[in-house]
Amino acid sequence: MLYVRHGTLMLAIALQVRRITRGLESLSLCCRGMRGLHARVELDPATRRRALWGFGLMAGGSVATLLATALASVLACSPGAAAVAGPVAATSAPAALPGGPPPPDAGLPMPALDLDWRPPSAAAGDTQELALALAKHARVGLFVDPGVDADGDELDAMRVAALVGRLAPDTAVHSITAGPGGLAELIREDPPLMPATSERGRTHWTTPDRLELDVARLHGWAELGDPAVLVVGAVGVDTPVWRQLSAGAAVGSCDPLFAELLEGQRQSLALLEPFLDHADEVLATAYASELAAVVPELEQELAEFGPERERTDFDGPGWERYQCGRRYLEYLQPFAGCVAAGVPEACPTTPRLFLRGSARIGSIEPSEYIPSDCPRRLDRDYVEALRAPARAAAELAGDHLDLRWMILAERLATLSEVYGALEQLCTPARRRFVDSDLDALRAQVAALGPLFTRVEEPAHDARFLANDANFHVPGVGKVRQLARYDGGTDSASRALIAAAKQLSGFARAHGRCVARPGDPPLMAMLIDTRSAAPEFLGFYYAEELWCGELGPL
């Protein structure tokens with residue numbers, strides 16, 4: 001059995017940085033129209049972007065900051081509002097798209113996932129400490145607050161007595177009937193909440209030296225032959241306070257599994273690095289050619305909106321049309337800056353290949369707000385006109401990229417779906433699992449390994465699907481999707497996505513003794529009846545003490 005506090009490895013993984021890039025020479029975007037001055041946006045030579053496992057990517061600084069700075073700098077090319085520079089001459093289309101690396105001869109290098117791990121169950125205390133305290137006595141009285149029976153959970157006074165038998169089989173139990181006042185009749189002072197972490201990773205609660213108790217009643221039980229009394233009942237603790245005190249202690253760990261997945265991701269990215277670089281180069285080359293052919297035409301059409309004008313210069317509809325033109329002109333500036341710079345790899349709007357649930361071609365667009373009625377007022381949607389080069393580049397890249405590499409890129413992209421399901425499953429929660437279900441779960445996850453490593457030929461229907469949508473990349477923000485790769489019939493990537501969906505439903509389907517939101521913890525206090533002093537204090541979740549045939553956690 002593994003006893004861990006939540007987050008030892010998972011948090012470390014969340015703070016890791018997944019693939020960003022490698023070495024481009026130092027590039028800059030130069031803005032036109034600033035009275036002869038140039039604003040430069042330096043791009044970190046090691047920075048590009050990928051998105052795996054749902055994390056934003058960084059390299060010496062957030063890529064989100066990089067792209068936001070690049071966009072802001074190009075948008076700020078004019079000291080005032082939108083300004084029109086001279087037209088940019090379209091560059092000639094490239095003679096050919098760049099060639100890529102040799103085709104792969106194997107699947108992804110994912111380690112075996114046949115490991116010893118289990119989803120952690122939240123634990124408020126340490127039942128072993130309670131067992132040791134009970135075992136010191138040949139007989140104990142058992143005082144259970146009536147509220148424990150009234151809760152309607154599996155745990156009740158009879159099962160608490162059976163629990164004592166499980167924890168300390170040589171200790172006799174004498175049940176004591178509690179009055180309507182419950183714990184308050186006996187314990188007249190709230191015990192202090194002082195948690196610590198034991199060597200086993202479980203929560204240890206400090207037993208107070210003194211506590212105000214009903215001494216007369218305790219002495220009466222001593223005379224009846226109970227040298228100690230175990231008092232059990234629910235306690236009211238504010239949820240935020242309890243969350244801070246319990247600190248996510250749990251029994252079980254997914255750390256071995258996450259460690260192997262992380263290693264598999266690292267090795268897979270190393271394998272795919274040349275192809276991912278090639279894919280971005282293809283997209284950048286095609287996009288630069290397409291964009292250079294479009295921007296001059298749009299600049300010419302919007303030139304009339306460059307000069308500063310006042311509302312009094314127009315009637316009502318004319319002013320609104322002018323405002324739309326100004327907004328479109330400002331939206332155009334980053335694209336014009338990209339054409340002027342002539343370095344497509346440094347252009348923030350250049351489409352790139354993202355690994356986010358699937359392999360997606362996406363573009364980061366300027367955030368300038370364009371009112372919905374502007375296309376009608378100008379008889380053209382300039383946002384869509386500026387998306388056309390990115391769509392064309394995505395279509396060209398889809399026809400040019402080697403499907404054998406795309407199979408592996410798509411397969412690695414599904415790792416974020418698998419991880420998302422496992423992250424949910426491996427977050428400590430108040431539920432238990434039977435061993436047979438856990439064995440089936442581990443076998444299901446172990447079967448994912450061969451799917452990652454499998455060698456397969458492209459399916460007859462494997463292809464890029466033109467699909468306008470938006471997706472989110474942490475650390476980057478909203479990305480406009482242009483195309484998404486589908487591995488096709490019987491592909492490993494489809495099987496991995498289906499497996500991730502199954503994993504996401506495991507806890508709902510197989511969780512036992514699932515606590516209701518807000519269910520309070522239980523206090524277990526062992527009191528010496530002659531000295532009227534606490535011997536042991538612990539706090540537990542009900543399912544931690546009793547969950548059918550599973551026994552104490």
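Between which two helices is the loop that holds Asp379 found? The legends below answer this and describe further close-up views. The model is predicted, so local features need pLDDT of at least 70 and side-chain atom pairs count only at pLDDT 80 or more, whereas totals for chains, interfaces and linings use all residues. Residues are numbered from 1 along each chain as its sequence is written, and side-chain values use heavy atoms, with hydrogens and water left out.

**View 1. The protein chain as a whole.** The protein chain contains 19 helices and 16 strands; helices (H or I, at least four residues) and strands (E, at least two) are DSSP runs, numbered from the N terminus. Of its 553 residues, 51% count as buried, where buried means under 20% relative accessible area, exposed over 50% and partly exposed in between (1.4 Å probe, protein chains only). Among contacts in the protein chain with a separation of 6 or more, 83% join residues 24 or more positions apart; contact means heavy atoms within 4.5 Å.

**View 2. Two loop residues with positive phi.** Asp379 is found in the loop between helix 11 (374-378) and helix 12 (382-400). Phi of Asp379 is near 60°, a positive value in a residue other than glycine. Asp379 counts as exposed because its relative accessibility is 72%. Asp490 lies in the loop between strand 14 (477-486) and helix 17. For Asp490, too, phi is near 60°, which is positive although the residue is not glycine. With 68% relative accessibility, Asp490 counts as exposed.

**View 3. Helix 15 against helix 17.** Two packed helices are described by the angle between their axes and the distance between the axes. The axes of helix 15 (residues 435-446) and helix 17 (residues 492-504) come within 11 Å and cross at roughly 160°. Helix 15 is therefore roughly antiparallel to helix 17. Axes are lines fitted to C-alpha atoms, for helices over the stretch in contact, and angles run from 0 to 180 degrees between N-to-C directions; those over 145 degrees count as roughly antiparallel. Helix 15 supplies Leu441, Gln444 and Val445 to the contact, and helix 17 supplies Ala499, Gln502 and Leu503. By class, this contact has 4 nonpolar, 2 polar and no charged residues; Ala, Val, Leu, Ile, Met, Phe, Trp, Tyr, Cys and Pro count as nonpolar, Asp, Glu, Lys and Arg as charged, and the others, Gly among them, as polar.

View 4. The 5 strands of an open sheet stand in the order 6-5-9-15-16, with mixed pairing; two strands pair if DSSP finds at least two bridges between them. Strand 6 (172-176) and strand 16 (533-540) are at the edges with a single partner strand each, so one side of each has no neighbour in the sheet. From one strand to the next, the twist averages 20°. Strand 5 (residues 139-144) pairs with strand 6 in the parallel sense over 5 bridges, and Gly141 stands opposite His174 in strand 6. Helix 3 (residues 127-135) lies across strand 5, strand 9 (228-234), strand 15 (522-528) and strand 16, and runs at about 155° to strand 16.

**View 5. The surroundings of Asn470.** Asn470 is found in strand 13 (residues 463-473). Asn470 counts as partly exposed because its relative accessibility is 42%. Asn470 and Arg480 are 10 residues apart in sequence and 4.6 Å apart in space, C-alpha to C-alpha. Leaving aside residues up to four places away in sequence, Asn470 touches Lys478, Val479, Arg480 and Gln481.

Methods
Angles under 35 degrees count as roughly parallel, over 145 as roughly antiparallel, 65 to 115 as roughly perpendicular and the rest as oblique.
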